[in-house]
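The sequence and the structure come first, and the description follows.

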Amino acid sequence: MRTPNIDLKELEKQKKENFKQRLEFIDNYVKWLKKKSNKKI
Amino acid sequence: MEFSYTNEYIELKNKELSKLDTFVKNFVGILEKDMDYVIISGYVAILFGRSRNSEDIDVFIKKTGYDHFKVFWDNINKKYECINTKNPKKAFEEYLSDNIPIRFSRKNEFIPNFEIKFPKSELDRWTLDKKIKVLVNDYKLFISPLELEIPYKLYLGSDKDIEDARFLYKFFKDYIDDSLLMEFNQKLKTNELFDRFIK
């Protein structure tokens, strides 16, 4: 089976980008949680 | 849960579905009507019984044009909502096409969610092209090839990822294509991690 070329520099960049997006997701989740709990008060 | 492995598919019978499994089953039931997809990363280990939860399910969908994407958007939005934006044009142009994933959750929920992205690299496209069919009770899923998933998890390298890799290897070691696995270990430079943590 022919396997794909893997550009490790590009993959490392992608890994960092994914982590950055993950952190942004957590920020947005916290915002959503706060908004939701405020509504219930 | 009964497990069988063939060259064509993996089958799980009598699997007791978790809430996350049911979420995946229902979402994929809509996704598969419109999109060629593959589930990658954490949920692959969870599907086969790894005992941990996940906030998101990572998926590649085959790159497509806006009109096709809009058909999927309209169908999926009947039961789910996009967390990033309510605007399909923006979701397509400013997120997906710019390699930023879009996330879908059940309406008025945030977690769990499907994180959907277009394949970006040759590796991503290979994953989609060589996806593995898994028959689970009365439904099917497509997951990334295990010979890539295990080295890739090692490459990511967190404790959780290494544990996922070990779980998958121990579960599938009698069925895995060892030469393909080692080729990916070579390419991702994960041989040492493999020898240290997985074997």
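Helix 6 of chain B is mostly covered, with eleven of its eleven residues buried. The model is a predicted one. Just after helix 6 of chain B, Gly157(B) takes a positive phi of about 85°.

## Chain B as a whole

Chain B contains nine helices and nine strands. For 199 residues, a compact globule would have a radius of gyration near 16 Å, and the 17 Å of chain B agrees with this. The C-alpha trace of chain B spans about 45 × 35 × 30 Å along its principal axes. Of the 199 residues in chain B, 37% are buried. When contacts in chain B between residues at least 6 apart in sequence are considered, 57% of them join residues at least 24 apart.

Chain B is divided into domain 1 (2–144) and domain 2 (146–199). The centres of these two domains of chain B, taken over C-alpha atoms, are separated by 22 Å. Their contact takes eight residues from domain 1 of chain B and seven residues from domain 2 of chain B. On the side of domain 1 of chain B that touches domain 2 of chain B, helix 2 (residues 42–47) of chain B gives the most, with three residues. By class, that side of domain 1 has four nonpolar, three polar and one charged residues.

The largest nonpolar core has 55 residues, of which Ile39(B), Val44(B), Val59(B) and Leu168(B) touch the most other members. Helix 6 (residues 146–156) of chain B provides the largest share of this core, seven residues. Domain 1 (2–144) and domain 2 (146–199) of chain B both give residues to this core, so it lies between them. In soluble globular proteins, nonpolar side chains tend to be buried together.

Which residues does Leu168(B) contact, leaving aside its neighbours within four places in sequence? They are Val44(B), Ala45(B), Leu146(B), Glu149(B) and Ile150(B).

Helix 5 of chain B also has buried residues, namely Leu123(B), Trp126(B), Thr127(B) and Leu128(B). The buried residues of helix 5 of chain B pack against strand 3 (37–40), strand 4 (56–61) and helix 6 of chain B.

## Strands and their pairing

| Strand pair | Sense | Bridges |
|---|---|---|
| Strand 1 (residues 2–5) and strand 2 (residues 9–13) of chain B | antiparallel | four bridges |
| Strand 2 and strand 8 (residues 132–136) of chain B | parallel | four bridges |
| Strand 4 and strand 7 of chain B | parallel | five bridges |
| Strand 6 (residues 102–106) and strand 7 of chain B | antiparallel | four bridges |

Strand 1 and strand 2 of chain B form a hairpin with three residues between them. Within this pair, Glu2(B) stands opposite Lys13(B) in strand 2 of chain B. Strand 2 of chain B is also joined to strand 8 of chain B, where the bridge partner of Glu11(B) is Leu135(B).

Strand 7 (residues 113–117) of chain B is mostly covered, since five of its five residues are buried. Asn113(B), Glu115(B) and Lys117(B) point one way from strand 7 of chain B, while Phe114(B) and Ile116(B) point the other way. In a regular strand the side chains alternate between the two faces of the sheet. Strand 7 of chain B pairs with strand 4 of chain B and with strand 6 of chain B. Ile57(B) stands opposite Phe114(B), and Ser105(B) stands opposite Asn113(B). The hairpin of strand 6 and strand 7 of chain B has six residues between the strands, and there Asn108(B) takes a positive phi near 60°.

Notes: Residues numbered from 1 in each chain as written. Chains lettered and ligands numbered in written order. Predicted model: local features only at pLDDT ≥ 70, side-chain atom pairs only at ≥ 80, totals over all residues. Helix = DSSP H or I, 4+ residues; strand = E, 2+ residues; numbered from the N terminus. Rg over C-alpha atoms; globule rule 2.2 N^0.38 Å. Buried ≥ 20, exposed ≤ 12 C-beta atoms within 10 Å, placed from the backbone. Contact = placed C-beta atoms within 7 Å. Core = buried A, V, L, I, M, F, W, Y, C linked by C-beta atoms within 7 Å. Domains from an automatic or database assignment. Nonpolar A, V, L, I, M, F, W, Y, C, P; charged D, E, K, R; others polar. Pairing = 2+ DSSP bridges.
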